[in-house]
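Take a look at the sequence and the 3D structure below. Then follow the text through the fold, the surface, the charges and the rings.

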Amino acid sequence: FVAFQMSPGQYGGQFINIIFRDKPDKIFEVWVYQLAGGEYDLRGFCAKENSENETLIMIKAFGGLLRNDKIAL
């Protein structure tokens with residue numbers, strides 16, 4: 001997968017959008033929150049299915065990221 005967008009959460013933490021290289025028809029949003037002790041807590045994980053047109057737009061916009069082996073996990 002590739003993390004392609006990160007934004008601050010309304011209630012703290014960070015929202016990170018990820019997309020799987022071999023299945024770009026869904027975007028997953030991950031909410032990660034840093035606790036007072038320094039450790040991180042996964043607060044949320046959800047999927048958003050894209051239409052065929054949205055998927056094509058994503059591949060066009062982020063195709064270089066999806067093909068980059070250095071940044072993919």
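A residue is called buried when its relative accessible area is under 20%, exposed when it is over 50%, and partly exposed in between. Keep these cut-offs at hand. Keep in mind, too, that this is a predicted model.

Start with the overall fold. The protein has four strands and one helix. Their order along the sequence is β-β-β-β-α. The C-alpha trace spans about 40 × 25 × 15 Å along its principal axes.

Next, the surface. The chain has 73 residues, and 23% of them count as buried. The accessible surface of the protein comes to about 5,300 Å². Carbon and sulfur atoms account for 56% of that area.

Now zoom in on the helix. Helix α1 covers residues 52–67, and Thr55 has its place there. Is Thr55 buried or exposed? Its relative accessible area is 10%, so Thr55 is buried. Which residues does Thr55 touch, if those up to four places away in sequence are left out? They are Pro24, Asp25 and Asn50. One of these, Asp25, counts as partly exposed, because its relative accessibility is 24%.

Asp25 also leads us to the charges. Its salt-bridge partner is Lys23, and the closest N and O atoms of the two are 3.3 Å apart. How many salt bridges does a search of the whole structure find? The search finds four.

Another of them joins the side chains of Arg21 and Asp69, at 2.7 Å from N to O. Arg21 sits in the loop between β2 (14–20) and β3 (23–34), while Asp69 sits in the segment after α1, so this pair ties together parts that are 48 residues apart in sequence. The two partners fall into separate accessibility classes. Arg21 has a relative accessible area of 32%, so it is partly exposed. Asp69 reaches 58%, so it is exposed.

A further salt bridge brings together the side chains of Asp41 and Arg43, with 2.6 Å from N to O. Asp41 is partly exposed because its relative accessible area is 28%. Arg43 is partly exposed as well, because its value is 38%.

Finally, turn to the rings. The count comes to four aromatic pairs. One of them is formed by Phe20 and Phe28.

Are Phe20 and Phe28 buried or partly exposed? Phe20 has a relative accessibility of 31%, so it counts as partly exposed. Phe28 has a relative accessible area of 16%, so it is buried. The picture widens from here. Ring pairs link Phe20 and Phe28 with Phe1 and Phe45 into a cluster.

Note on methods
Residues are numbered from 1 along each chain as its sequence is written. This is a predicted model: local features need pLDDT of at least 70, side-chain atom pairs count only at pLDDT 80 or more; totals for chains, interfaces and linings use all residues. Side-chain values use heavy atoms; hydrogens and water are left out. Helices (H or I, at least four residues) and strands (E, at least two) are DSSP runs, numbered from the N terminus. Buried means under 20% relative accessible area, exposed over 50%, partly exposed in between (1.4 Å probe, protein chains only). Accessible areas come from the Shrake-Rupley method with a 1.4 Å probe; for residues, only the protein chains shown count as cover. Contact means heavy atoms within 4.5 Å. Rings of Phe, Tyr and Trp (its six-membered ring) pair if their centres lie within 6.5 Å; planes under 30 degrees apart count as stacked, over 60 as edge-to-face and the rest as tilted.
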